[in-house]
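Student: Let's go through this structure together. Start wherever the chains meet.

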Amino acid sequence: MTTLEQTRTGQDQTIEHTIQQLREVYADAPEMAKVALERALPALKSQALEAQASQTESAGRIGIRLGSVSELTVIARFAPGGAQRLRAMLRLLNGNFSGGKKVGTLHDMRFVFLDNDTKFLFATAYDGAWDPYIDDFATKIPDEMDIIFTAFEGWPGIHSPDVKDWIAKHQIPAEGWYVAHPDLTVAESGRLKRVGKAVEEFLDQVS
Amino acid sequence: MATQTATADTAQQSLTVEQKLQKMRELYADAPELGKAALKNGLAMLTQELAAEGHAQTAGRIGARQGKVSELTVFLPFVKGGAKRLRGLLQLLAGNFRAADAVGTVHDMRFVFVDNDTKLLFATAYDGDFDPYIEDFAAKIPNAMDLWLCNFEGYPGMRNPSAAADWIAKHQIAAEAWYVNSPNLTATETRRLEGVGTAVDQLLDKIA
């Protein structure tokens, strides 16, 4: 959270001043870094100007958002036997998560096993704010959530009043978040795909 | 590792849905009560998912791909002072990294400081395969890449793209599972569709 506050304070300073600060933190960097900084400075200045117009914001309780798209990154410890169960289940599913579609605000998610199967990384890109997103999972795919998350230490269950605290406790907010199309929600991309198809059909008919 | 996974997947593909469900029940026999109950309640959806054709693919050298969209997840060790520099850089960019627009195949990227600022978790979604993706970065935004990656141990520099790709692959951990809502929508196709959408809106405005 302090990062966000720091970011905002940074916005109030002039870009020149911030670039001066950046030069100072890069003063003791490896030679490669200093060269890269000098080469990148012109582009960096214009990016910094653009960035002020499209800066990341808070996604609500925790995490950051750019435009409509937010990030959620959780690292949790496996419960005994959890890694084995989860891996076998993910392999059986072989990339099919029709449950993900039901949520309707989920862009992507990855499941990564860490540190000799003792820890787990779950990272997702989604639309909107943190609280409604978690609520969506709880109402639309509660069983899938419990099947996956019982693999972790201390998972209280998706229907537990403590579930949001558990997630927030294990979430690490990103300090940088780039989205190529920040205004494109999952719903809007669905609409655009239909528009694109309709236009093609229309053009076929007139040709 | 990738080969093992592929073999395991092929073997599992030949199982019937009923056999897969049976395996799942065995797996969850010693799960916490919550997990067992969830398995029972979620059986209908699971059966559907198990019956569907497999979607998991690889992104070439390393990483998972679904349709046209791939994932790359790395944990990079900071050099001394590296975390402070990268944080300063990200703050200047207001947490954003618009230089990546020039690459054209990036969907999203996150920068997460972990383990007391000793490591960075970098995770991205992109189009296509691992090697061409890294080559693209090296060709299009080498400066921007050096500027942030120089903060990590052993980074060889983007002017040496094949060494840089090896270095990234060495720190990469392939996702065990990867879900993409629109697996066939590349970043390029998204831009085209946004253009079509705007044109259609304007056309409809004119007719109205």
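**Strands across the chains**

Tutor: Four bridges connect strand 4 (residues 106-114) of chain A with strand 6 (residues 177-180) of chain B, and these run antiparallel. Two strands pair if DSSP finds at least two bridges between them. Helices (H or I, at least four residues) and strands (E, at least two) are DSSP runs, numbered from the N terminus. This is a predicted model: local features need pLDDT of at least 70, side-chain atom pairs count only at pLDDT 80 or more, and totals for chains, interfaces and linings use all residues. Residues are numbered from 1 along each chain as its sequence is written, chains are lettered from A and ligands numbered from 1 in the order in which they are written, and side-chain values use heavy atoms, with hydrogens and water left out.

Student: What stands opposite Arg110(A)?

Tutor: Trp178(B), in strand 6 of chain B.

Student: And strand 6 of chain A, what does that pair with?

Tutor: Strand 4 (residues 106-114) of chain B, antiparallel, over four bridges. There, Trp177(A) has Arg110(B) as its bridge partner.

Student: What is the strand order in the open sheet?

Tutor: 6(A)-4(B)-5(B)-3(B)-2(B)-1(B), six strands with antiparallel pairing. Strand 6 (176-179) of chain A and strand 1 (57-58) of chain B stand at the edges. Each has a single partner strand, so one side of each lacks a neighbour in the sheet. Further in, strand 2 (residues 64-66) and strand 3 (residues 69-77) of chain B are joined by two bridges. Gln66(B) has Val69(B) as its bridge partner there.

Student: OK, the interface as a whole. How many residues are in contact?

Tutor: 92 residues of chain A contact 94 residues of chain B; contact means heavy atoms within 4.5 Å. The two chains bury about 8000 Å² between them, 61% of it from carbon and sulfur atoms. Buried area is the accessible area (1.4 Å probe) that two parts lose on being put together, summed over both.

Student: Which residues of chain A lose the most area to chain B?

Tutor: Leu92(A), Arg110(A) and Tyr178(A), together 11% of what that side buries.

Student: How many salt bridges are there between the chains?

Tutor: Eight between chain A and chain B. The cut-off is a side-chain nitrogen of Lys or Arg within 4 Å of a carboxyl oxygen of Asp or Glu. One example is Asp28(A) with Arg85(B), closest N and O atoms 3.5 Å apart. Helix 3 (residues 31-53) of chain A gives the most to the side that touches chain B, with 11 residues.

Student: What about Arg85(A), is it buried or exposed?

Tutor: Buried, because its relative accessibility is 3%. Arg85(A) is found in helix 4 (residues 82-93) of chain A. Beyond its neighbours within four places in sequence, its contacts include Pro80(A) and Thr150(A), plus Leu27(B), Tyr28(B) and Asp30(B).

Student: Now helix 9. Which chain A pairs form salt bridges there?

Tutor: Among them are Arg191(A) with Glu188(A), at 3.0 Å, N to O, and Glu201(A) with Lys197(A), at 3.8 Å. The former pair sits in helix 9 (residues 186-206) of chain A, three residues apart, about one turn. Glu201(A) and Lys197(A) are four residues apart in that helix, also about one turn. Glu201(A) is partly exposed at 43% relative accessible area, while Lys197(A) is exposed at 54%.

Student: Which residue does Arg192(B) bridge to?

Tutor: Glu200(A), with the closest N and O atoms 3.6 Å apart. Arg192(B) lies in helix 9 (residues 187-207) of chain B and Glu200(A) in helix 9 of chain A, so the pair joins two chains.

Student: Which residues make up a salt-bridge network?

Tutor: Arg87(A), Arg91(A), Asp117(A) and Glu176(B) are linked in one.

Student: Last one. Where does Val103(B) sit?

Tutor: In the loop between helix 5 (82-92) and strand 4 of chain B. Val103(B) is buried, at 3% relative accessibility. Setting aside residues up to four places away, Val103(B) touches Asp136(B), Phe137(B), Lys140(B) and Ile141(B).

Technical notes:
Buried means under 20% relative accessible area, exposed over 50%, partly exposed in between (1.4 Å probe, protein chains only).
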